[in-house]
Amino acid sequence: MTRVAIIGAGVSGLATAYALEKGAQAQNIDVQITVIEKQPRSGGKIWSRQEEGYLCEWGPNGFLDNKPATLDLCKALAIDGTLLRSNDNARKRFIFSDNMLHRLPENGPMFLGSKLISWPGKFRLAGEMFVPAKKDERDETLAEFGRRRLGAEALDKLIAPMAGGIFAGDPETMSLKSCFPRIAQLEQEYGGLLKAMIKLARKKKAERKAGKQVASAAGPGGVLTSFNGGIQELTDALQESLSATLRFGVAVESMEYFDNYILGLSDGSQLDADVVISAAPAHALSGMLKKMNGEAAKLLNQIPYAPMNVACFGFNRADLQCDLNGFGYLIPKKEGCSVLGTLWDSSIFPHRAPKDKVLLRSMMGGATRPQAIDLTDDQVLALVQADLERIMGIKATPEMVRIFRHQQAIPQYVSGHASLVAQIRQELSACKGFYLTGNAFEGIGLNDCVANANKTAAEVLAAL
């Protein structure tokens, strides 16, 4: 029997345990799996909380349905029947610029009519067609790419807010090829984004005639999807499906290897394992590895994390005069607001708020405003309310407020990230039977976590 220890019971750890159990059963491989989690619950950053009748997501609020891994997992868990696709309102997204909300254009005529980008900015965007493709292999930042191909205005009003909304990141430091590999690929393959969009539009038209569908050229694509009870239904179902031993409230404090791995635990006990799979954050794994592999520990500590405050506000709908027909908005830094953006959660998923109520969820902090994590609850409340009044005209006092704090919310894929991850994997390759998964390395989204969990489980089974 092979003893497997999985560190972390977030979606990555749970999905890896699930794929490993199912694969081992199918291949007649005898494994004994133990999942170790320092928190008293599973789910990691995924936590759907009922607060005074409102459903507040502590972390992510769903996944896009344009990639198969998570949908396939839901089907395997027999929870695909409770999947909840977001309201059509979710297609309408906004940017707050020059003291007004601008709907993001979805096609050529909308782009030409939009006041978000000035006419000089639009001409500069159109000029992307004539910008030569990047030839060198240097890991370009998102900001460098944006200025080079699309212009400074597009960077400030489109790219930077998007980077803040997805990664809580700073485009001046973010690696393009690690954060948006599809965009980097389009430039190399087609010579530019507009050229790619034209050619892919022709391909899409032909495939639609053949009854097929393809994703958009550079956008994320897909429909935001969750469950009636929140995204935690996925991690709850994973936990319930496992035959593995789950140990909660116990942290791995050290790791050594002799004939097998010896994990020193926070309760004073130790766990022996033949295979160790880490689904822990990079900074947490760094502390565990100091004794066993100091160089890998140093490298892992070089992956930065951005802090984040999540402020959930519940209102009486009658107290609000604003239009809430949409997904929400993102805010360029130059606007001087305190939040990165606000999601209209009860418009995206209508049952997130009680009848005749509204749930708004604002994000504050990130790599560009890390000091926000040190604000008091009263300061967060006042700053979010000031932004809501300025942007949406909301003067009403919320009837429900919940503020969730994440000291290390989202790993940052800064320039050189892919090279750093390669160094980490190379350093750990000497540790036989040690595997890495989780969102610190190759994709922060829920779909990425599930796909990487499947890949990691397959690697372990192949080695066994």
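L83 has F227 in strand β9 as its bridge partner. That contact belongs to the pairing of β6 with β9 (residues 224-227), which is antiparallel and runs over 3 bridges. The model is predicted. Beyond the sheet, this briefing covers the cysteines and a surface patch.

**Sheet**
- The strand order is β5-β9-β6 in an open sheet of 3 strands, with antiparallel pairing.
- Strands β5 (63-64) and β6 (83-85) are the edges, and each pairs on one side only.
- Strands of a sheet pair through backbone hydrogen bonds, either parallel or antiparallel.

**Cysteines**
- The structure holds 0 disulfides.
- A disulfide is a covalent bond between the sulfur atoms of two cysteines.
- The cut-off for a disulfide here is a pair of cysteine sulfur atoms within 2.5 Å.
- For C56, the closest cysteine sulfur is in C312, at 3.9 Å, so the gap is too far for a bond.
- C56 is buried, at a relative accessible area of 0%.
- For C179, the closest cysteine sulfur is in C449, at 14 Å, and that is also too far for a bond.
- C179 has 9% relative accessibility and therefore counts as buried.

**Surface patch**
- L112, W119 and F123 make a nonpolar surface patch of about 380 Å².
- F123 sits in helix α4, which covers residues 119-126.
- F123 has a relative accessible area of 61%, so this residue is exposed.

How values were computed: Residues are numbered from 1 along each chain as its sequence is written. This is a predicted model: local features need pLDDT of at least 70, side-chain atom pairs count only at pLDDT 80 or more; totals for chains, interfaces and linings use all residues. Side-chain values use heavy atoms; hydrogens and water are left out. Patches are made of residues with over 30% relative accessible area and no salt bridge: like charges are joined within 9 Å, nonpolar side chains (Val, Leu, Ile, Met, Phe, Trp, Tyr) within 5 Å. Accessible areas come from the Shrake-Rupley method with a 1.4 Å probe; for residues, only the protein chains shown count as cover. A salt bridge is a side-chain nitrogen of Lys or Arg within 4 Å of a carboxyl oxygen of Asp or Glu. Helices (H or I, at least four residues) and strands (E, at least two) are DSSP runs, numbered from the N terminus. Buried means under 20% relative accessible area, exposed over 50%, partly exposed in between (1.4 Å probe, protein chains only). Two strands pair if DSSP finds at least two bridges between them.
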